[in-house]
Amino acid sequence: MAKKGGICGAIGCLTLVALVGGFGWFIYTMVFTNTVAKWMGEETYKLKGDVTHFDPINGVVEVQEKVGPNATLVELKIMGARADGTLDLNATYVPGPRVEYQFERKLDRAPRGKTEPPIGAGRTPSSVWVEQVRVSVSRPGQRRHVSRRSGNSSSSYNYTMEGMDVDRDSRLADPAMALTLKPTVKEMWAIAKKAGAPSDAVAQITYRGSDADFNIPGVLMLQWENGKLDEFFLKDEVKDKLGIKH
């Protein structure tokens with residue numbers, strides 16, 4: 001009988017260990033992973049490839065996979081672009097390198113819980129329902145805190161940004177123009193270096209419609225329209241370096 005009881009005791013111990021281990025794993029998952037945040041609708045994803053050489057233009061394809069089909073890229077902001085056209089997302093200086101993508105996707109009907117106002121009350125004859133999707137790409141591993149309040153209820157949680165954060169919202173808007181990603185970041189930088197920009201600097205670049213801006217604050221600003229450098233606002237010394245008559 002003692003032998004039999006010993007076996008049952010061993011089985012009971014193993015069951016207890018499994019239960020305790022399972023509970024410990026549950027607590028670890030809740031506290032130290034993004035499980036709760038994703039239950040709350042948070043979208044954060046790991047980036048493919050080398051984050052110390054993230055290419056924001058080539059990265060459009062990877063980002064759009066998370067945004068979903070039939071989405072149009074309508075704005076692109078790049079902060080911290082190096083002369084080789086890439087960003088070091090692991091850089092720890094502040095403000096650090098990051099990329100902001102904005103997409104729009106036309107919806108067939110008003111989102112649940114929203115009604116379509118009459119023309120003149122927040123709507124024009126050309127307005128359509130769109131899902132706006134903003135994607136932020138920055139240094140993986142950053143901790144985020146989110147607090148939300150809706151009516152009499154509120155929620156709060158923390159999560160770890162995995163490299164790509166996705167936020168969605170729906171609204172009525174006039175259709176936005178798709179981007180023309182010309183010139184490329186490297187092509188902009190090639191002109192900037194001829195104009196005297198230090199090759200070890202980083203630039204802020206914005207694409208809107210068919211226009212593009214290149215800016216190294218306090219050093220150099222360049223603008224393009226339809227892929228062509230806008231020479232009108234260039235300083236004479238910059239025109240001289242670029243061989244432009246004035």
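Colleague: Let's start with helix H4 (residues 185-194): which of its residues are buried?

Modeller: Val-185, Met-188, Trp-189 and Ala-192 are buried in H4. Their arc around the axis is only 95°, so they sit on the same side of H4; the arc is that of the directions from the helix axis to the C-beta atoms. Buried means under 20% relative accessible area, exposed over 50%, and partly exposed in between (1.4 Å probe, protein chains only). Helices (H or I, at least four residues) and strands (E, at least two) are DSSP runs, numbered from the N terminus.

This is a predicted model, where local features need pLDDT of at least 70 and side-chain atom pairs count only at pLDDT 80 or more, while totals for chains, interfaces and linings use all residues. Residues are numbered from 1 along each chain as its sequence is written, and side-chain values use heavy atoms, with hydrogens and water left out.

Colleague: Which strands are included in what covers the buried residues of H4?

Modeller: Strands E2 (72-81), E8 (203-208), E9 (211-216) and E10 (220-225) are included in that cover. The face of H4 turned away from the buried side carries the exposed Lys-186 and Lys-194.

Colleague: How many aromatic pairs does the structure hold?

Modeller: Rings of Phe, Tyr and Trp (its six-membered ring) pair if their centres lie within 6.5 Å; planes under 30 degrees apart count as stacked, over 60 as edge-to-face and the rest as tilted. There are three aromatic pairs here. In one of them, the ring centres of Trp-189 and Phe-214 are 5.4 Å apart and the planes are at 90°, so this pair is edge-to-face. Trp-189 belongs to H4 and Phe-214 to E9, so the pair ties together parts 25 residues apart in sequence. Trp-189 counts as buried, at 0% relative accessibility, and Phe-214 counts as buried at 0% too. Phe-232 and Phe-233 also form an edge-to-face pair, 4.9 Å centre to centre with 85° between the planes, but both of these residues are exposed.

Colleague: What phi does Asn-70 have?

Modeller: Asn-70 has a positive phi of about 60°, although it is not a glycine. Asn-70 is exposed, with a relative accessible area of 70%.

How values were computed
Contact = heavy atoms within 4.5 Å.
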